[in-house]
Amino acid sequence: MEFETVIGLEVHAQLLTDTKIFCGCSTKFGGAPNSHTCPVCLGMPGVLPVLNKKVVEFAMKMSLATNCEINKSCSFARKNYFYPDLPKGYQISQYAYPLSEHGYVFLDVDGAQKKIGLTRIHMEEDAGKLMHDEHNPLSYVDLNRAGVPLIEIVSEPDMRSPAEAADYLKRLHEILVYLEICDGNMEEGSFRCDANVSIRPQGQKEFGTRAELKNMNSFRNVQRALEYEIKRQQYLVESGEKVVQETRLWDDAQGASISMRSKEEAHDYRYFPDPDLVPILIDDAWVEKIRKELPELPLAKRERFIKDYQLPAYDAGVLTADKALANYYEEVVRLCAKPKAVSNWVMGDVLRFLNEEKRDIRNCSISPASLAEMISLIEAGTISGKMAKDIIEDMYKSGKPPKVIVEEKGMVQITDEGELIKIITTIIEANPNQLKDYRGGKEKLFGFFVGQVMKATQGKANPQLVNDMLKKMLAG
Amino acid sequence: MELNQLTIHELQEKIKNGEASAVKITESVFQRIEAVEARVHSYIRLLKEEALAAAAKADEVIKKGEIKPLTGIPIALKDIVCTKGIPTTCGSHILHNFVPPYDATVVEKLRDAGAVFVGKANMDEFAMGSSTETSYFGPTRNPWDLERIPGGSSGGSATAVAADECIASIGSDTGGSIRQPAALCGVVGLKPTYGRVSRFGLIAFASSLDQIGPFTKDVEDCAIMMNVLAGYDPKESTSVPAEVPNYRQFIGRDIKGWKIGIPKEYFVKGIDPEVSAAVKKAITVIEKCGGKCVEISLPHTQYCLAVYYIIAPAEACSNLARYDGVKYGLRVSDSRDLLDMYKRTRMQGFGAEVKRRIMIGTYALSAGYYDAYYGKASQVRALIKRDFEAAWKKCDVILTPTTPTPAFKIGEKTDDPLQMYLSDIFTISTNLAGIPGISVPCGFTSAGLPIGVQFLAGHFEEGKLLQIASAYEKNADIEKRRPKL
């Protein structure tokens, strides 16, 4: 039987506000346990939450960037459950009245645009963290993260493959980082994802029973976990068993998921409106103010790169996947005006160096000015493309500008015809047999002569010039 | 008269004239406490040393002539408001050892106004009760009859004022917890408009209903306390930035031409005849003052108790979830695992009434029941609010009995929660509507138990309440009695 996969994702993104959502504590990652806490985020008796306006504005930015409709009035609700990392015994979240709804993003699927619906975006507070003592039956609670603002972005069940799901995640990630409202760090948990997965026979309209997957902390894991889950469900169905509604935890080391709780064991969160907070009223003026603050978004930038720089779609996609990379690219182009050449060097060499060392474009030792200078040197014929391959590696390692490297190594290209005539003449004279064979039709020997010239000039001869001159001189 | 028997404004005069010092006033309060506290049990914790030190400081301030509204005045705090460095128990075992690292906003305000804190007053556990019998620290007794309850949940705050163990006190009112004990103890008690006095640092029972207010010996003192307590607090989202008038200006003004609404639903059978007679007498006093009494209707009154006992427990079960043994307060050790720790801590830490309300609230919010209970209760609550809005078109203030009966015997209703809940029948609607209400003494039963009359007004109209209450107080000619202890 052929099956169709149905996937919906719930993404939690930590917002980059300086302070927590309901108190003035710092949101910085990695402080000493419980150093970023106060009576409010510790859930002490009698304390009250006061909403951080920045959280609403950041969430509004994401809503606008994903085409969501922002509700004129939204409010907070309490999600009640007991866990030691949840100091109040409830999480302040949004339930019946979320910030925004009915959004969408586009994915490239097989060369076509596919629309993925966003059900809603809502604001909530993060919980703390537990640390378990390996040697004693003890757990420690760190509440630094408790009260850090999150947005939850819920998609429609619109994705049909793990690849689409991964693509959708990358799209959201890209937008969040572009908006500078989330650092997108999956390992540190500032970008987290849960997935709802089901399968159904091809052509069936009703959804199958879904499983919820948790604990996938990288794009790769999301895809692996989804692939595993689809196989698991197919196996169940094909062997006549039923998929049960449950929550499953992905175990990266095992490469498998394990059941965490069944539907019967699911929490009853007893949501109700939080009486300590008042509804948030958002008028058009506020929405417009936030809309004006939006930066150019990835999709728009991609289209502009294709149009303004005449780049292939592929190049535009790679270069705009990271806003800092796009800025780097544009700066180099501004300095040397060779958009396609810049794209080739950035995508080919610069990104390779960075990837090898897992570094970020923000920490790239080749400045945009250096790269522009190197490309200009090629254009001017001072160095050859082949020479540039060595130079750029040196630039990356040493951080030196290309002109300094060229001078230090005496790597200036030989473009003097008189000098080349002398060298070529000497080579022709030293190889009479090869000359005879070449003239007799063995055209492959042309390469041999080029090699000899390059060898004699230690690769510094301008290749185009060598080609042209050799053709003339070998012809006699 | 002893200093501890005087009102705030009388003491202020004496302080100004140099006839009394803050230390002398505080000493006289503690002498009284020594004499009667063992019998009344107004306090969970006394702060004698701190109080005397604060009084000495107050005297220095007085010498410099920098007198503030409450300089040198001994005040009792219900043990539900957090006091920095001083244990705050909420009358519960689960918080018996909790020491807040912060002051409630009202505590800051009172301290800034020069108040001297006498102690932390006894209360029903987590303010859940109408008799102060559910306190983990034992019941408080009514100074007018030690066999009887003082009302609740702010019982200790009421008795401390009634027995002259302080000059004024702070209570909290979620369904009548200030007005009911004020009535049963023969003192003045005001529940302000929701949002008028900061809730920051008030340990939450039902967040949408809780409000802090004062207990005083007369209406003028109530105005003085409100001048200190009222005002916007940026630490509370439901605090309202409405202008705060000088409440003292309403004292002594007449009420000529005012229309006084008498809701017919509040004068039904079941009211104690002596209470009924005293309140009817109060109506004639008000008419003598120039007020015109008109019958009004608050048609959804019969649903108030039901709505309250859905909404308050629902909010409470969530508010009390934080007492889990993890961070502070009681933790029962030797637990097998996390769940065991939760269960045993909460089983031992909470009393029966608190557990009852947690269970009711949890049930009312559960999947499949929410719409029928919490959802429906919220809708009816809106209708109750609307009743009052309609009423204000016909009258300026509303007059009702504060309680259906005078103080009952200790133990009389502890086994019958429904009977206990009925003692708040006239006070609950105020909290559901968010409006202010005041209880003022209006006489005594033949057995010598105090009776209270309640006035209600629209949102942020505490001034009107103080005006009518002071006019009533002046003209009612209630016999000045003190409890014989």
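B:Ala76 stands opposite B:Ser169 in strand β4 of chain B. This report describes a predicted model, in which local features need pLDDT of at least 70 and side-chain atom pairs count only at pLDDT 80 or more, while totals for chains, interfaces and linings use all residues. Residues are numbered from 1 along each chain as its sequence is written, and chains are lettered from A and ligands numbered from 1 in the order in which they are written.

Helices and strands are DSSP runs numbered from the N terminus (helices are H or I with at least four residues, strands are E with at least two). Two strands pair if DSSP finds at least two bridges between them. Strands of a sheet pair through backbone hydrogen bonds, and the sense may be parallel or antiparallel.

Strand β4(B) has partners of both kinds. With strand β2 (residues 74-78) of chain B, β4(B) pairs in the parallel sense over 3 bridges. With strand β6 (residues 211-216) of chain B, β4(B) runs antiparallel and is joined by 5 bridges. In this second pairing, B:Ile170 stands opposite B:Pro214.

How many residues of strand β4 of chain B are buried? A residue is buried if 20 or more other C-beta atoms lie within 10 Å of its own, exposed if 12 or fewer, and partly exposed in between, with C-beta atoms placed from the backbone. By this rule, 6 of the 6 residues of β4(B) (residues 168-173) are buried, so the strand is largely enclosed by the rest of the structure. The burial concerns both faces: B:Ala168, B:Ile170 and B:Ser172 lie on one side, and B:Ser169, B:Gly171 and B:Asp173 on the other.

Residue B:Ala312 lies in helix α9 of chain B. B:Ala312 is buried, because 27 other C-beta atoms are within 10 Å. Two residues are in contact if their C-beta atoms, placed from the backbone, lie within 7 Å. Leaving aside residues up to four places away in sequence, B:Ala312 touches B:Thr174, B:Gly175, B:Ala206 and B:Leu209. B:Ala312 and B:Leu432 are 120 residues apart in sequence, and their C-alpha atoms are 9.7 Å apart in space.

The contact between the two chains takes 36 residues from chain B and 26 residues from chain A. On the side of chain B that touches chain A, the elements giving two or more residues are α9 (304-319), α10 (338-349) and α11 (352-365). Of these, α9(B) gives the most, with 3 residues. By class, this side of chain B has 21 nonpolar, 8 polar and 7 charged residues. Here Ala, Val, Leu, Ile, Met, Phe, Trp, Tyr, Cys and Pro count as nonpolar, Asp, Glu, Lys and Arg as charged, and the others, Gly among them, as polar.

## Chain A as a whole

Chain A contains 15 helices and 16 strands. Its radius of gyration, taken over C-alpha atoms, is 30 Å, well over the 23 Å that the globule rule (2.2 Å times the number of residues to the power 0.38) gives for 476 residues, so chain A is more spread out than a compact globule. The C-alpha trace of chain A spans about 95 × 55 × 55 Å along its principal axes. Of the 476 residues of chain A, 38% count as buried. Among contacts in chain A between residues at least 6 apart in sequence, 68% join residues at least 24 apart.

The domain bounds of chain A come from an automatic or database domain assignment. They are given as domain 1 (3-289), domain 2 (296-408) and domain 3 (417-475). The C-alpha centres of domain 2 and domain 3 of chain A lie 34 Å apart.

Chain A also has an open sheet of 3 strands in the order β5-β4-β15, with antiparallel pairing. Strands β5 (90-93) and β15 (272-273) of chain A stand at the edges, each with a single partner strand, so one side of each is left without a neighbour in the sheet. Strand β4 (residues 77-80) of chain A is joined to β5(A) by 4 bridges, and A:Asn80 stands opposite A:Tyr90.

## Backbone features in loops

Most residues other than glycine have a negative phi, and most peptide bonds are trans.

In chain B, the peptide bond from B:Gly152 to B:Ser153 is cis, with omega near 10°. B:Ser153 lies in the loop between β3 (116-121) and α5 (155-162) of chain B.
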